[in-house]
Amino acid sequence: MTKDNLSPLDKELIISYRRYITYQKRLSDKTREVYSREAAMYLSYLNERGKKVENIGPGEIEEYLIKRRIDDNVDERTEGRILSSLRSFYSFLSVSGAEDRNPAKLVEKPKEREHLPRVITEEEVDELMSSFPKDDILSFRDYTLFELIYSSGMRISEAVSLDVSSYRSEEGTISVIGKRDKERIVFIGEASRAALDSYLDNVRPKLMKNPREKALFLNRQGGRLTRQAAHKRFHETAEKIGLDATIHTLRHSFASHMISHGADVRSVQEMLGHSDVRTTQIYTHLDTSSLLAFFDKFSPLENWDDDIED
């Protein structure tokens, strides 16, 4: 399905909608892109059928979602995202006075199949971190960045957005700006703290070209390291040691390992910056191997055959 069948009036409407979700709703760049694209595709779909957005009911929205499911082979998660974008679009129309209903809110979201995030073991994390040569300044920068992500659970977008002033060495904390510009304070482990201190003392000064540059992590030109460049560096290192992982795997692994070591879900939620604890609870499902080992060790049934008389 395309978004090519748009009238000039529709295009102006999409521009206004994008301003609404940017400045009033303050959605992230990625969410704004998805929502505005989906709204344009929806209007194009209505134009092809000669329908007006103000005359649409929940049944017709359900038909649209079914068509997307068939034509574009979307899964439950994507279908839910499409519906969320339509709810947001109709909310905008209501605020702008173009429509006083939100028929998308009357459509039930599809139930998603549970997707467990990919994690790696603590031994694999150690192998990854030890694979960075510490005598190369770019390699040490990468090691510091990835150690920080694993130590704190922050997103790669949050990590590359850090400034030098974000880090408080004496406290071992970092001020992180997360989704929707929400600030949170995260604590980091000793290994990450030592790496950051060494990076700031010995590596960053060698990369710095402009003394007024605020970015914590610098590229070889002295500017802020981009998310794309960090992904590329991580992929090259992971591939070299045969590790099936992405940078985001470090965030998932941080959460899983914290819970397996006894951290409560609410604390992990705060560290990850999740707005809903249900998002964090997915990591409790990953910690099954230790539970099974505990059961095998202490179950009263373990030596049940010892009590049976011959």
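1. L200 sits in helix α8, residues 190-207 (helices are DSSP runs of H or I with at least four residues, strands are E runs of at least two, and both are numbered from the N terminus). R141 is 59 residues from L200 along the chain, and their C-alpha atoms are separated by 9.6 Å.

2. A word on the basis of these remarks. This is a predicted model, with local features needing pLDDT of at least 70 and side-chain atom pairs counted only at pLDDT 80 or more, while totals for chains, interfaces and linings use all residues. Residues are numbered from 1 along each chain as its sequence is written, and side-chain values use heavy atoms, leaving out hydrogens and water.

3. For the overall picture, the chain has 13 helices and 3 strands. Of its 310 residues, 41% are buried. Among contacts with a separation of 6 or more, 59% join residues 24 or more positions apart.

4. Do have a look at α1 (residues 8-24) and α4 (residues 76-96), which pack at about 100° with their axes 10 Å apart (axes are lines fitted to C-alpha atoms over the stretch in contact, and angles run from 0 to 180 degrees between N-to-C directions). The two helices are therefore roughly perpendicular, a label for angles of 65 to 115 degrees. From α1, L13, I14, S16, Y17, Y20 and I21 meet S85, S88, F89, S91, F92, L93 and V95 of α4. This contact involves 9 nonpolar residues, 4 polar and no charged (Ala, Val, Leu, Ile, Met, Phe, Trp, Tyr, Cys and Pro count as nonpolar, Asp, Glu, Lys and Arg as charged, the others, Gly included, as polar).

5. Helix α10 (residues 247-260) is mostly covered, with 11 of its 14 residues buried; among them are R251, H252 and H257. Its end C-alpha atoms are 20 Å apart, in agreement with the 20 Å that 14 residues should span at 1.5 Å a residue (the expected span is 1.5 Å times one less than the number of residues). After α10 comes G262, with a positive phi near 105°.

6. Helix α2 (residues 29-48) reaches 29 Å from first to last C-alpha over 20 residues, close to the expected 28 Å. G50 follows α2, and its phi is positive, near 65°.

Definitions and conventions: Buried < 20%, exposed > 50% of the residue type's maximum accessible area, 1.4 Å probe, protein only. Contact = heavy atoms within 4.5 Å. Parallel < 35°, antiparallel > 145°, perpendicular 65-115°, else oblique.
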